[in-house]
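Here is a short briefing for a first look at this structure. Start with the overall build, then turn to single residues.

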Amino acid sequence: MRAGAPVVIAASLAVSSLVAGDARAVGTRTFELDTLEKLSGGDLKGVSVESDGVVRAGWTLGSVALPPGTGTTATCAVALADGSVLVGTGPSGGGKIVRIANDQATTFADTGENAVSALAVDRRGVVYAGTTSNKLYRVSQGKADVFATLPDVDSVLALAVDKTGTVLYAGTGSEGEVVRIDAAGASSVYFKTEEPFVVSLAVGDDGAVFAGTSGKGLLYRITAAGRASVLYDFHGEDVHAIAVGPNRTLYAIANEGTTGTSAETSDAAASKRSGGGRSPAGPSTAVKPKAGKGSLWRFDAGGRPERMMHHDEFHYMSLALDDHGTPYVGTGAEGRVYSVDDAHVVSLVADTDERQVSAIGLSGRTHFVLGSDQATFGRILSVGGPDSVWTSKPLDAGIRARFGHLTWRGSGALEVSTRSGDTQTPDTAWSAWSGPVAEGQPAQSPPGRYVQVRARLKDAAATIADVTLAFRTENLRAVVTEIAARGKGGLPEPKEGIVASGGEPAKHESVLHVTWKVDNPDEDELRYRVQFHRDGETRWLDATRPDDVVTKTEFEWDTAALAEGKYRLRVEASDEIANPLGDVMLHALESAPVLVDNTPPVFKTIGMTGHRLHAEVTDGLGPIVRVEAAIDGRLEWRPLTSVDGLFDTADETIDTDIAPLLSGGPAPHIVTVRAYDAAGNSVVHELQAP
């Protein structure tokens with residue numbers, strides 16, 4: 001046995017780890033859903049969730065799929081005076097313009113390009129389409145005709161109509177130009193930024209053109225050809241959308257850490273230039289945007305910025321204002337629509353089944369949400385209604401649990417129910433939705449690891465908040481899996497490979513540091529008791545006192561009063577602190593033999609014959625692990641070898657010529673010999689050498 005080596009025993013486990021956040025089996029715990037974040041993440045149909053933690057009536061959306069062959073990505077939309085909406089598609093199978101009218105979708109026009117990236121309509125009702133090429137199309141009577149070809153442009157990323165309704169502005173890449181196109185289709189560079197892409201445009205009431213870039217995330221205010229100032233330099237890299245509000249206010253969404261937005265359009269344009277043409281029909285192979293961080297900013301008439309809303313979990317894709325000037329933002333992940341008021345109260349007003357919200361329309365005769373991946377048009381049918389349903393996300397108890405009373409704060413006509421199961425995603429193995437649960441009454445769902453709460457808001461005035469569901473998890477036994485004991489002065493564990501020889505021997509300590517590992521599936525607070533007995537005996541003695549409450553997985557065991565020999569330790573884990581008497585569970589593990597040795601070795605014989613040292617050293621337990629010598633009181637201990645060259649027994653013999661150690665200084669010399677056993681005990685003997 002190597003000096004100071006730990007004694008370890010491991011138990012094989014058949015219990016899988018089921019760890020839940022803050023899982024404590026004692027008493028009753030609760031799920032508390034009282035914030036926007038906690039009330040989100042499930043399913044919202046016709047309801048909204050506000051930052052004050054109240055679920056209210058929200059948008060009820062229709063669902064119109066785009067026609068086959070128009071691609072899976074919807075990029076932009078524009079509402080027309082007759083109530084219809086045109087949608088641009090791309091890149092895979094896209095480049096088409098789809099018309100939505102009376103909840104029916106038909107292919108309206110085909111540009112033949114990879115994607116339609118922007119749409120605009122002038123005061124005469126003429127529709128223009130920007131694409132992933134340098135061509136700008138005029139769309140009418142189901143045809144897309146080239147209206148203008150923009151020199152030195154790779155793609156058109158944004159369009160805006162001036163205040164007269166006759167002049168177009170185009171945000172372009174990859175030279176970062178804002179191009180002006182007159183009614184005859186003649187184009188000129190209105191302003192050239194220092195960025196690669198101009199991805200958003202808006203025209204103010206005073207005729208100023210606002211342009212947002214992708215690269216460094218700059219917002220420009222352009223007052224005349226070649227004349228501009230930077231209104232704001234955002235922390236992010238992408239000013240994805242701009243909207244002009246009442247009283248000369250301006251809104252902009254800025255993203256940080258996104259990939260795949262402008263890059264995707266640029267790649268599509270590059271494919272077109274290199275002869276790749278339109279992507280083949282089928283699922284898009286373009287890189288999907290990576291979720292970043294999104295922020296909504298408002299600028300007052302004086303240009304002063306104010307951040308109104310932000311999310312670190314996803315970026316923003318679309319922006320629109322309603323007739324009251326309230327901003328609505330569509331997200332680039334999770335497919336959600338948020339709004340925020342002047343007091344910075346944020347509301348989640350829609351949670352779609354699509355991954356992105358590419359466009360929102362809140363003006364004109366048709367209000368809508370355009371989802372992408374898959375491309376779906378959702379007309380806003382109503383606010384609230386009898387089909388308005390809020391469903392929580394699956395709530396995880398960590399392990400199987402029984403569910404108790406369900407409480408909430410609400411108003412209006414509500415119908416609340418629950419269901420439960422043992423999979424993170426609800427499936428057919430989950431229980432059916434229970435019947436209506438009265439406020440303050442027990443949930444009627446069977447035990448399970450997961451549970452959901454559902455509320456039907458049956459009238460427009462109905463609300464629900466502060467949803468609380470009590471539960472208690474089943475108690476699972478904690479299992480001690482490993483025990484180790486090491487002398488406090490012992491040597492460290494050897495690393496893999498060749499073990500180093502020599503060095504300092506272990507220092508003897510009567511206190512052994514005992515540690516253990518535990519598999520605690522329900523994370524109960526545990527109490528440990530440590531016992532021991534001498535190897536070969538059966539009676540367990542207490543190492544911990546009855547009133548010791550050991551909750552850490554370590555213990556200092558003082559062996560000074562024990563006879564030398566091999567002992568075994570027993571560690572018991574109890575969850576009595578966390579459970580009532582009838583539910584307490586115990587588990588104990590016994591260690592491998594632990595060496596207790598507080599007695600030093602002895603020299604049976606020792607002497608000098610000339611310069612040759614002869615010694616016999618023995619230990620009650622052994623082995624002897626090191627014998628060394630120092631000359632004339634110098635603290636230079638030099639190791640000596642045994643007769644057989646190995647220190648591996650309790651009895652060792654030394655017979656060695658120490659003349660090389662005696663050089664220098666007058667004779668006789670004082671020779672000090674020291675021997676160590678495996679526990680670090682040592683014996684010292686002094687003699688003279690000629």
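The chain has two helices and 55 strands. This is a predicted model. Of the 690 residues in the chain, 50% count as buried.

**Whole chain**
- The accessible surface of the chain comes to about 30900 Å². Carbon and sulfur atoms account for 49% of that surface.
- Take the contacts between residues at least 6 apart in sequence: 59% of these join residues at least 24 apart.

- Thr463 sits in strand S40, which covers residues 463-473.
- Thr463 has a relative accessible area of 16%. Buried means under 20%, so Thr463 counts as buried.
- Thr463 and Arg56 are 407 residues apart along the chain, yet their C-alpha atoms are separated by 4.8 Å.
- Leaving out residues up to four places away in sequence, Thr463 touches Val54, Val55, Arg56, Arg409, Gly410, Ser411, Leu414 and Leu457.
- Ser347 belongs to strand S31, residues 346-351.
- Ser347 is buried because its relative accessible area is 8%, and buried means under 20%.
- Beyond its neighbours within four places in sequence, Ser347 is in contact with Val49, Glu50, Val337, Tyr338 and Ser339.

- Glu313 has 54% relative accessibility. Exposed means over 50%, so Glu313 counts as exposed.

**Cis peptide bonds**
- Gly173 and Ser174 are joined by a cis peptide bond, with omega about 10°. Ser174 is in the loop between strand S17 (168-173) and strand S18 (177-181).
- Asp373 and Gln374 are also joined by a cis peptide bond, with omega about 0°. Gln374 is in the loop between strand S33 (368-372) and strand S34 (376-383).

**Positive phi angles**
- Asp103 is not a glycine, but has a positive phi of about 60°. The loop between strand S10 (96-101) and strand S11 (104-110) holds Asp103.
- Asp103 is partly exposed, at 32% relative accessible area.
- Asp152 is not a glycine either, and has a positive phi of about 60°. Asp152 lies in the loop between strand S15 (143-149) and strand S16 (155-161).
- Asp152 counts as exposed, at 66% relative accessibility.

Notes
Residues are numbered from 1 along each chain as its sequence is written. This is a predicted model: local features need pLDDT of at least 70, side-chain atom pairs count only at pLDDT 80 or more; totals for chains, interfaces and linings use all residues. Side-chain values use heavy atoms; hydrogens and water are left out. Buried means under 20% relative accessible area, exposed over 50%, partly exposed in between (1.4 Å probe, protein chains only). Helices (H or I, at least four residues) and strands (E, at least two) are DSSP runs, numbered from the N terminus. Contact means heavy atoms within 4.5 Å. Accessible areas come from the Shrake-Rupley method with a 1.4 Å probe; for residues, only the protein chains shown count as cover.
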